[in-house]
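Look over the sequence and the structure before reading on.

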Amino acid sequence: MIFRCAVAAAAIAACTTAQARERVAVELVLAVDTSVSVSAEEYRFQMSGIAEAFRTPEIAGIIQRQPNGVAVTLVHWSVGSLNRQAVGWRHLHGPESILAFSRLVDQAPRSSAGRGTSIAYAIDYATRLIETNGFDGTARKIDISGDARNNSGPSPAHFRDKAVSLGITINGLVIPDGDRELVSYYRYLVTGGDGSFVMTASRGEDFAAAMQRKLSRELDLFLSMNTAE
């Protein structure tokens, strides 16, 4: 009898937790590479490009049109032990919340730069952030940007497949930086899930423009669920 009561109590608690989650159209983890392969200049144009993209009328308009808005967090990743949230989860739904998030991104100091590049553990870390946050998204996505291949930990495909099995889509924004096969690497070992895609970007304004195009596909539910690359 005690065991049955305990099971019932656990089920009620789980149900209450699920009901307490805030509904949003999209949960999105923006995961930015901060390993040593990324120069100070590359770090800055990644961060300023993300912040600038959120300030554009196009992205702000998409967010405000989505049912219940979107939930976004910014992650700095390199090796597993150094991965962290540079900007915590934010619920974006109106002009003020969107601009506030862009300012936090612009002001975020660079996290410790690991000597390894573990896309695998970045995906694992981002997946756990989605699974444990306080939101319930119609779509759940991880946006990985980086300039190098995985050279620490298991293959990215291992955690990519785990994330996809949980209904999470992983997209990539690649800064080739001399590696002509990096796009193919991301396509076959990193990205996956419904409507997943890979884009490329270079420095400065091109990165900001690519991030804007990428966010428009990730945050627009119709586009994200009906396109793939």
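Ala-53, Phe-54 and Arg-55 in H2 meet Pro-57, Ile-59, Ala-60 and Ile-63 in H3. Contact here means heavy atoms within 4.5 Å. Six of the residues in the contact of H2 with H3 are nonpolar, none is polar and one is charged. Ala, Val, Leu, Ile, Met, Phe, Trp, Tyr, Cys and Pro count as nonpolar; Asp, Glu, Lys and Arg as charged; the others, Gly among them, as polar.

This is a predicted model, in which local features need pLDDT of at least 70, side-chain atom pairs count only at pLDDT 80 or more, and totals for chains, interfaces and linings use all residues. Residues are numbered from 1 along each chain as its sequence is written, and side-chain values use heavy atoms, with hydrogens and water left out.

**Helix pairs**

Helices (H or I, at least four residues) and strands (E, at least two) are DSSP runs numbered from the N terminus. Axes are lines fitted to C-alpha atoms, for helices over the stretch in contact, and angles run from 0 to 180 degrees between N-to-C directions.

| Pair | Angle | Axis distance |
|---|---|---|
| H2 and H3 | about 65 degrees | 5 Å |
| H2 and H4 | about 170 degrees | 8 Å |

By class, the contact of H2 with H4 has eight nonpolar, two polar and three charged residues.

**Sheet**

Six strands form an open, mixed sheet in the order E3-E2-E1-E4-E5-E6. Strands pair if DSSP finds at least two bridges between them. E3 (84-92) and E6 (198-200) are the edge strands; each has a single partner, so one side of each lacks a neighbour in the sheet. The twist averages 15 degrees from one strand to the next. E1 (residues 22-33) and E4 (residues 135-146) run parallel, joined by ten bridges. Glu-27 stands opposite Arg-140 in E4. H4 (residues 95-107) packs on the sheet and touches E1, E2 (70-77) and E3.

**Cores**

A nonpolar core is a set of buried Ala, Val, Leu, Ile, Met, Phe, Trp, Tyr and Cys residues joined through side-chain atoms within 4.5 Å. Buried means under 20% relative accessible area (1.4 Å probe, protein chains only). The largest core has 38 residues; Leu-30, Ile-50, Phe-54, Leu-215 and Leu-219 touch the most other members. H2 gives the most to this core, with seven residues.

Definitions and conventions:
Buried means under 20% relative accessible area, exposed over 50%, partly exposed in between (1.4 Å probe, protein chains only).
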